[in-house]
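Here is my note on this structure, in numbered points. Please keep the sequence and the 3D view open as you read.

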Amino acid sequence: MSEIEERAKRALNKKAPFGPDVDLSEYELGFLKGEKFESAEEIPENFTKEVEKVGVSSKSSSLGYFQVDQSALFSMSLGEGVEILPLSEAMKKYKWLKDRYFKLVQPDADKYTAFSALHPAEGYFIRVREGVKLNIPVQTCLLINKEGVLQNVHNIIIAERDSEIHILTGCTTGAHSGFHLGISEFYVEENAKISFTMIHHWAKDSHVRPRTGVKIERGGTFINNYICMSEVRSLQSYPNVWCEGENSSAIFNTITMATNKSYIDLGSRIFLRGKGSRAEIISRNIASKKGYMIARGHLIGDNPECRGHLECRGIILGDGVIHTIPEIEGGYEGVELSHEAAVGKIAEDEIFYLMSRGLSEEEATSIIVRGFMKVKIPEIPRRLKDEIEKIVDESTKKLM
Amino acid sequence: MLVVEDLRVEVGRKEILKGIDLTIGDGEKHVLFGPNGSGKSTLLMTIMGFPRYKIIQGRIEFNGVDITEMAMNERVRLGIGLAYQHPPSIKGVTLEDIIKICSRKERIGEEERILLEKLKMPTDFLKRDVNSGFSGGEIKRSEILQLLLLKPKLAMMDEPDSGVDVENIEIVGNAINELLRGRSGLIITHLGYILKYVDVDFGHVMMNGRIACSGDPHKLLSSIISEGYSRCASCLR
């Protein structure tokens, strides 16, 4: 037994520090019969239709990966420079990959990571070669199709020196119940840049536990946009990010809505270790209809010359709870860390202003909420911005 | 067009308007003078329909329709418009969004472009959150622009000339003139600068929740400038 498995075994009953505890024995891994498809057109329509709601189009020439339950149905590299493989294949192909497997996420972090390490996992491996810059977003998607499935995902993304990639990952479900467990390890090498936009759309009885680790080398940039506007039974994630290198930077934007009794607990923890490293954690949250939202964030200034800002803003519409827990921690003179948090209802004078321009109270509220959820995200392609805006817009419209 | 009868209004249990009578005919332009706290803004906000301004007596009629109890957006539909003195800024809602709401259009067209040009509002303004970081003059121009697109029958303006610098006062003045062409108007002006640019027919002086006197706006203004509001106070008695 490998060291990873040994550590995992000892942690199988270790409860996660946050989020409700879920009994994994109620779920089973789901494998689809049949081979991988050679082209995206062969993916059955009942699958491709489901992923449209998370902004992924199977017709796009930049579709790189498609997984249903536990099976990788399709993967395609984009030229020489951007290699995309199911992780199981990549692990066989590259012996060195084991040095990057369960390195940024610990197998014994909690019972979920432990379960993942001890069971067959599938996910995508994306490697962008040195100096290659791809401005078209690569699309990947993960779909839970069968009721009661536990989807055990493990992704490894490597952006080599001076490379740049934009990834759009959509995770969704066609089933009412399921468990999505996703380990993601990102390696941003010197002067490389990854923007990772993840759009989630779950169902009433979905439990979701992403576990993410990011390491950023000198001059590297990691931008994470997370959007979840659907209901979900419980969703909890707290990525760890190490800004290791000099002048490395990380930006985390989170846009979520906790509605219809959804329980959402999200945040990110960023270690500013490199000289001149920078980080920004921004979240916009709505709670309504007995939704419960916890917005966390933790900036650790571990270098005398680092800067970070944390911003949590929430609107409560009617009946819901938002709990923001921003933490900033400086260990040196010279760190510049700040946070601001605000939770409340929509300002009345804003509603009346729009009503005095002819809108009804409902229309005015809807426009203000949509405006509130708009986060300015620089440095990502226009198409991604439009996609994010569209999804957030449509879901907030539905809320009204 | 507008008939206000014996209007008494409370804000947070404090009576601010203590019996206002005011009639504005079709195409007439009226100005309201008066010291701070005399109730000028309250009168405009009440006519517009802000729920915070509680009518405890009297009525408001617009073009023969009793609007005393009517919701604000319905009053807008009937043709009442207000340019704010201090409009709020709204995060994520741009000037472009507001223009589209006012003009009831999906996108900015020729008409909107011409008005932007006339008001000397550069197009990069469109992408900015409305009223956020706008200068005094920019706020006034944006408010007038919105009224020009709403095309109200009665355009009310709360101090369109305050906080506007010398270079911009003419732009604002000309835009107000254009706005009021063929329309009725009710303008609050504290210092009367705007009278240099805008032709108005009637003036009223408000004192302590009442209209103390009415008459030729220019005469009223020169009397206020030379003697202050003290004479108006005696007039009220």
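1. Start with helix α4(A). Its buried residues are A:K111, A:Y112, A:T113, A:A114, A:F115, A:S116 and A:A117. Buried means under 20% relative accessible area, exposed over 50%, and partly exposed in between, with a 1.4 Å probe and protein chains only. Helices (H or I, at least four residues) and strands (E, at least two) are DSSP runs, numbered from the N terminus. The helix spans residues 111-118 of chain A, and seven of its eight residues are buried, so the rest of the structure largely encloses it.

2. A word on conventions. This is a predicted model, where local features need pLDDT of at least 70, side-chain atom pairs count only at pLDDT 80 or more, and totals for chains, interfaces and linings use all residues. Residues are numbered from 1 along each chain as its sequence is written, chains are lettered from A and ligands numbered from 1 in the order in which they are written, and side-chain values use heavy atoms, with hydrogens and water left out.

3. What covers the buried residues of α4(A)? The cover includes α1 (3-10), β1, β7, β9 and β11 (205-216) of chain A. The N-terminal end of α4(A) is capped by A:D110, which places a side-chain oxygen 2.9 Å from the backbone nitrogen of A:Y112.

4. Look next at β7(A), one of the elements covering α4(A).

5. Which strands pair with β7(A)? Pairing requires that DSSP finds at least two bridges between two strands. Strand β1 (residues 28-29) of chain A runs parallel to β7(A), with two bridges. There, A:L29 is opposite A:L150. Strand β5 (residues 124-128) of chain A is also parallel to β7(A), with four bridges. In that pairing A:R127 faces A:I158. Strand β9 (residues 177-188) of chain A pairs in the parallel sense over 11 bridges. A:A159 has A:V188 as its bridge partner in β9(A).

6. Chain A also holds an open sheet of 10 strands with mixed pairing. The order is β3-β2-β6-β8-β10-β12-β15-β18-β20-β22. Its edge strands are β3 (71-75) and β22 (336-344), each pairing on one side only. From one strand to the next, the twist averages 10°. At the β3 end, β2 (residues 63-68) and β3(A) are antiparallel over four bridges. A:Q67 has A:A72 as its bridge partner in β3(A).

7. Helix α6 (residues 361-373) of chain A lies across β15 (249-258), β18 (278-288) and β20 (307-317), at about 155° to β18(A). Helix α7 (residues 382-399) of chain A packs on the sheet, and the strands it touches include β6 (138-144), β8 (164-173) and β10 (193-201). Its direction makes about 25° with that of β10(A). Contact means heavy atoms within 4.5 Å. Axes are lines fitted to C-alpha atoms, for helices over the stretch in contact, and angles run from 0 to 180 degrees between N-to-C directions.

8. How many salt bridges are there over all chains? The search finds 37. The criterion is a side-chain nitrogen of Lys or Arg within 4 Å of a carboxyl oxygen of Asp or Glu. A:K53 and A:E50 form one, with the closest N and O atoms 2.8 Å apart. A:K53 is partly exposed at 33% relative accessibility, and A:E50 is partly exposed at 23%. In chain B, B:E61 and B:R59 meet at 3.0 Å, N to O. Shared partners join A:E83, A:K93, A:R127 and A:E160 into one network.

9. Check the cross-chain pair. A:K374 forms a salt bridge with B:D97, with closest N and O atoms 3.8 Å apart. The pair runs from the loop between α6 and α7 of chain A to helix α3 of chain B. Both ends are partly exposed: A:K374 at 33% and B:D97 at 21%.

10. Finally, B:K100 lies in helix α3 (residues 95-103) of chain B. B:K100 is partly exposed, with a relative accessible area of 22%. Leaving aside neighbours within four places in sequence, B:K100 contacts B:K105, B:E106 and B:R107. The C-alpha atoms of B:K100 and B:E112 are 9.1 Å apart, across 12 residues of chain.

Conventions
A polar contact is a pair of N or O atoms within 3.5 Å; within protein, one must be able to donate a hydrogen and the other to accept it, and residues adjacent in sequence count only if both atoms are side-chain atoms.
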